[in-house]
Amino acid sequence: MIAAAALILGLVIGLVLQPTVPLALQPYLPIAVVAALDAVFGGLRANLDGIFDDRVFVISFVSNVLVAAMIVFLGDQLGVGGQLSTGVVVVLGIRIFGNVAAIRRHLFRA
Amino acid sequence: MRPARAAVRWRPRARAGMLIGALCGLLGFALAVQVRSTQGSALESARQEDLVRILDDLSAREDRLRGEIADQQSAQAEISSGSNRSGAALQQARKRADELGVLAGTVAVHGPGVVITLREGSQRLTADLLLDALEELRGAGAEAVSFAGDGINGRSPEVRVGASTWFADRGGGVAVDGTSLTAPYKITAIGDGPTITAALNIPGGVNDTVRQAGGSVQAEQRGDVTITSLRPLKRPQYARPVK
C-alpha cells in the first residue's frame, strides 16, 4: 500500500514539477526506469507468492537500476550503446512479461 | 518484554517500508519525467551519437541542396539571358521582315497617301505614261504603290508595284506585271500626300502629259489609304547573298 501510494505520489510530483532530465542522465534514465519496473513487478509477484522480502526487493531494485545503467554506459563506451540499450530493454521486457504472467495466474487463476 | 520486542521488530520493517516507498516514489517520478521528456520532441530524447549522425545527414543534405540551388539559379540566369537575347533578335527580325515586306510588296499596308485617277481621253494612255507616273511617284517618296484599272471581265484587278514591275501596251489597255488593265486607272500611293501631288503637277509631268492626250488626272489626298494587293514572293534563282 505504501509502495503504491508512493508510486502515485512520485508520478504526480514528476508531472507537476516537470523537471528537465540532466544531460548526463539522459541515456540512462529510460533504461533505469524499465529496470526498476522489472524489480517492482518481481516484488509484486513475490508478494503474491508469499515470499516477499524487503531486503531482497530493495537490493534487487537498486542493483537492477545500477546494472542497467552500467550496461548502457559500457555500451556507450564501446560504441554499441543503442544496440545494447535495445537488448537490455528486450530482456527486461521479457522478464516483466513473465512476472506479469505469474501475477495474472495468481489473481485470476488463469 | 513484548512491547519492546515488537518495537524492535517494527522499526526495521518500518524502515524497509519507507525505503521501498522511497524507491517506488523515485520510480514514479523518473517515469513521469522520462515520459514528459520523450513527449517533447524525438530529437530531445535522442542519443548524442544519433544526434551527431542526424546532424551530419542534414548538413550533407543541405550542402547537396545548396549545390542544386546554385545549379538551378545559374541555369535560370542562362535561360533568361538567352531568351532575352533571342527575344530581342526575334523582334529585330520581325521588324526587318515587315520593312522588307513593305518594300517587296508582300504585306498589306496602310497609311497617309494619295489616290490618283487617270481618265483616258481621245488618245490612249500608254504604258510609257504609266511608267513615268510610277517613276514620278517613286521620286516623290511613295513607299507603296498599287495600280488598278478596269479588267477584261468587268472586274477591277489591282497590281501591287514592286521592284520588278513592268508595263507593256496590250490591246486597248496596259499590262502591268502581266495583268491587263484598261482605263480609267486608279493609282494608290502611300507617302507624303502634298509632295506626291506636287510631283504630279510639275510642268511637263504626268498631269500635263495626260491632259495633252485629252485625259484628266484627279489626285485625292487621304489621311489613310490601304493597299491590300500583294506581290507573289519570287525565290531568286541566281542571286545569292554574300556571306
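For the charge count I took a salt bridge to be a side-chain nitrogen of Lys or Arg within 4 Å of a carboxyl oxygen of Asp or Glu. I also kept in mind that this is a predicted model.

**Entry 1. Interface of chain B and chain A**

How many salt bridges are there between chain B and chain A? I counted zero.

I went on to the residues on the chain B side. Helix α1 (residues 2-40) of chain B gives the largest share of the side that touches chain A, with 19 residues. By type, I sorted the residues of this side of chain B into eleven nonpolar, six polar and five charged.

Next I noted the extent of the contact. It takes 32 residues from chain A and 22 residues from chain B. The size of an interface is often given as the accessible area lost when the parts come together. For chain B and chain A I have about 2300 Å² of buried area, and carbon and sulfur atoms give 75% of it. Which three residues supply more than any other three of the area that chain B buries against chain A? I found B:Leu23, B:Leu27 and B:Arg47, which supply 25% of that area.

**Entry 2. Salt bridges**

I searched the whole structure and found nine salt bridges over all chains. I wrote up some of them.

B:Asp50 forms a salt bridge with B:Arg53, and their closest N and O atoms are 4.0 Å apart. I placed both residues in helix α2 (residues 48-104) of chain B, where they are three residues apart, about one turn of the helix. B:Asp50 has 26% relative accessibility, so I list it as partly exposed. B:Arg53 is also partly exposed because its relative accessible area is 46%.

I then looked up B:Glu135 and B:Arg138, whose side chains meet in a salt bridge at 3.6 Å, N to O. These two are three residues apart in helix α3 (residues 127-139) of chain B, which means a separation of about one helical turn. B:Glu135 counts as partly exposed because its relative accessibility is 40%, and B:Arg138 is partly exposed with a relative accessible area of 35%.

A further salt bridge joins the side chains of B:Asp177 and B:Arg231, at 2.6 Å, N to O. Where in chain B do B:Asp177 and B:Arg231 lie? I found B:Asp177 in the loop between β5 (173-176) and β6 (179-190), and B:Arg231 in the segment after β7 (216-227). The pair links distant parts of the chain, 54 residues apart. Are B:Asp177 and B:Arg231 buried or partly exposed? B:Asp177 has a relative accessible area of 23% and is therefore partly exposed. B:Arg231 is buried because its relative accessible area is 14%, and the cut-off for buried is under 20%.

**Entry 3. Aromatic rings**

I found three aromatic pairs over all chains. One of them is A:Phe52 with A:Phe57, a tilted pair at 5.7 Å centre to centre with 45 degrees between the planes. A:Phe52 is partly exposed at 31% relative accessibility, whereas A:Phe57 is buried with a relative accessible area of 5%.

A:Phe57 also pairs with A:Phe61, and that pair is tilted too, at 5.9 Å centre to centre and 55 degrees between the planes. Both A:Phe57 and A:Phe61 are buried. They are four residues apart in helix α3 (residues 54-78) of chain A, so about one helical turn separates them. I recorded A:Phe52, A:Phe57 and A:Phe61 as one aromatic cluster.

**Entry 4. A:Asp38**

Last, I looked up A:Asp38, which lies in helix α2 (residues 29-49) of chain A. Is A:Asp38 buried or exposed? I list A:Asp38 as buried because its relative accessibility is 1%. Which residues does A:Asp38 touch, not counting residues up to four places away in sequence? I noted A:Asn64, A:Leu92, A:Arg95, A:Ile96 and A:Asn99.

Technical notes. Residues are numbered from 1 along each chain as its sequence is written. Chains are lettered from A and ligands numbered from 1 in the order in which they are written. This is a predicted model: local features need pLDDT of at least 70, side-chain atom pairs count only at pLDDT 80 or more; totals for chains, interfaces and linings use all residues. Side-chain values use heavy atoms; hydrogens and water are left out. Buried means under 20% relative accessible area, exposed over 50%, partly exposed in between (1.4 Å probe, protein chains only). Contact means heavy atoms within 4.5 Å. Buried area is the accessible area (1.4 Å probe) that two parts lose on being put together, summed over both. Ala, Val, Leu, Ile, Met, Phe, Trp, Tyr, Cys and Pro count as nonpolar, Asp, Glu, Lys and Arg as charged, and the others, Gly among them, as polar. Rings of Phe, Tyr and Trp (its six-membered ring) pair if their centres lie within 6.5 Å; planes under 30 degrees apart count as stacked, over 60 as edge-to-face and the rest as tilted.
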